[in-house]
Amino acid sequence: MAALAPPVAATRVAVRRALAGLPGAGPVLVACSGGADSLALAAATAFVAPRLGRAAGLVTVDHGLQPGSAERAAAVARWAVEAGLDPVESVPVTVAGRPGGPEAAAREARYEALTSAARRHDAVALLVGHTRDDQAETVLLALARGSGPRGLAGMPERRDLAGVPLLRPLLDVTREQTRKACAALGLTPWDDPHNVDPSYARARVRADVLPALARALGPAVRDNLARTARLVGADSAALDELAAAALAAAPAAAPPPSGVRAVEGGLRVTALAALPAAVRTRVLHAWARELGAYGAALSHRHVAALDALVTDWHGQGATALPGGVRVVRRDGRLVRLD
């Protein structure tokens with residue numbers, strides 16, 4: 001019997017770790033574009049999931065942005081059926097008319113389709129094929145945008161996506177490994193031309209910035225950037241837990257000494273001011289989300305303006321947040337202005 005190719009083994013081990021201990025009896029769904037990363041992920045999942053007693057399916061999304069996209073999506077779906085994945089869906093989406101740039105609009109449409117499919121099939125998780133290289137690119141883009149610790153934490157291995165667990169099993173697997181895994185399995189991935197289109201910042205980072213850094217600083221730079229994301233992510237998660245505890249709902253009679261919610265509504269300025277800045281800004285960010293500020297548009301600038309109501313108060317007016325939300329300081333509290 002031929003030895004298993006190491007890249008194939010790497011993807012299977014990664015998927016096994018991600019699926020181990022998942023609750024519930026429902027299937028897992030792989031999001032697959034037909035590119036090397038998601039194709040290798042789908043192949044590994046088709047092998048591993050049944051051996052763990054778990055059904056596995058596949059969803060491919062047709063964004064309709066390129067000629068032949070429907071045919072490519074149909075080809076991915078046919079391969080998935082042949083590979084034993086079930087259920088299998090090819091879902092067309094409409095990208096035009098959505099807010100933001102084309103990349104953001106396509107991502108929003110794609111994740112809406114994926115979460116809808118997960119709910120239809122009572123899936124316990126969605127699996128996506130982001131690799132260690134994607135993580136390194138994400139960290140560099142976050143640095144360039146001044147995103148702070150939340151951005152430097154990169155993409156988490158697991159996150160909640162509209163109530164559906166989204167897993168990234170391949171964050172410790174390289175893009176080279178996924179390509180070699182596809183080759184070893186006789187799979188022909190599709191190369192998305194958007195991935196090399198210099199009009200996209202990520203494509204420029206992939207083609208120019210990371211190779212230049214590797215030449216200047218050594219080939220370990222990708223691994224080191226990904227490791228930075230893991231380390232910062234752990235610290236950020238701890239700070240988020242502290243912020244969540246501080247923001248916990250107050251009892252009816254009086255807030256706890258460390259709590260920031262006021263019995264009358266809003267947040268107590270004195271309690272906010274006593275928090276470390278890293279925790280306080282996370283409290284304000286989470287509270288703004290509670291008020292209805294749209295998360296994707298809620299930036300550092302908005303949180304800094306809220307923080308100024310606490311730490312640099314000189315009688316300024318209301319702070320405007322995305323979604324038409326306005327916050328004002330009144331009687332020692334931050335409150336929503338109706």
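**Figure 1. Asp-331 in the loop between strands E9 and E10.** Asp-331 is exposed, with a relative accessible area of 69%; exposed denotes over 50% relative accessible area, buried under 20%, and partly exposed the range in between (1.4 Å probe, protein chains only). Its phi lies near 55°, a positive value in a residue other than glycine. The view is taken from a predicted model, in which local features need pLDDT of at least 70, side-chain atom pairs count only at pLDDT 80 or more, and totals for chains, interfaces and linings use all residues. Residues are numbered from 1 along each chain as its sequence is written, and side-chain values use heavy atoms, with hydrogens and water left out. Helices (H or I, at least four residues) and strands (E, at least two) are DSSP runs numbered from the N terminus.

**Figure 2. The open sheet of four strands, in the order E7-E10-E9-E8.** Pairing in this sheet is antiparallel, two strands being counted as paired if DSSP finds at least two bridges between them. Strand E7 (267-268) and strand E8 (319-321) stand at the edges with a single partner strand each, so one side of each is left without a neighbour in the sheet. Strand E9 (residues 325-330) is joined to strand E10 (residues 333-336) by four bridges. Arg-330 has Arg-333 in E10 as its bridge partner.

**Figure 3. Strand E1 (residues 28-31) and its buried side chains.** Val-28 and Val-30 point one way from E1, whereas Leu-29 and Ala-31 point the other way. In a regular strand the side chains alternate between the two faces of the sheet. E1 pairs with strand E2 (residues 56-62) in the parallel sense over four bridges, and Val-28 stands opposite Ala-56 in E2.

**Figure 4. The bend of helix H8 (residues 201-217) at Val-209.** The helix bends by about 30° at Val-209, and Pro-211 follows within four residues; the bend is the angle between axes fitted to the seven residues ending at a residue and the seven starting there. Ala-203, Val-205, Leu-210 and Ala-214 are the buried residues of H8. These buried residues pack against helix H5 (132-145) and helix H9 (221-246), where contact means heavy atoms within 4.5 Å. Just after H8, Gly-218 takes a positive phi of about 105°.

**Figure 5. The second largest pocket, with about 260 Å³ of space.** A pocket is an open set of points on a 1 Å grid over the protein atoms alone, where a 1.4 Å probe fits, with protein on both sides within 12 Å along at least five of seven lines; lining residues have an atom within 4 Å of a point. Of the 14 lining residues, the closest to the pocket centre are Ala-14, Arg-17, Glu-157, Arg-168 and Pro-169. Helix H1 (residues 6-19) gives the most to the lining, with five residues.

**Figure 6. Backbone features at Pro-87 and Asp-122.** The peptide bond from Asp-86 to Pro-87 is cis, with omega near 10°. Pro-87 lies in the loop between helix H3 (69-82) and strand E3 (88-92). Asp-122, a residue other than glycine, has a positive phi near 50°. Asp-122 belongs to the loop between helix H4 (102-120) and strand E4 (125-127), and is exposed at a relative accessible area of 59%.

Conventions: Grid points are joined across faces, edges and corners, and a volume is the space filled by probe spheres set on the points.
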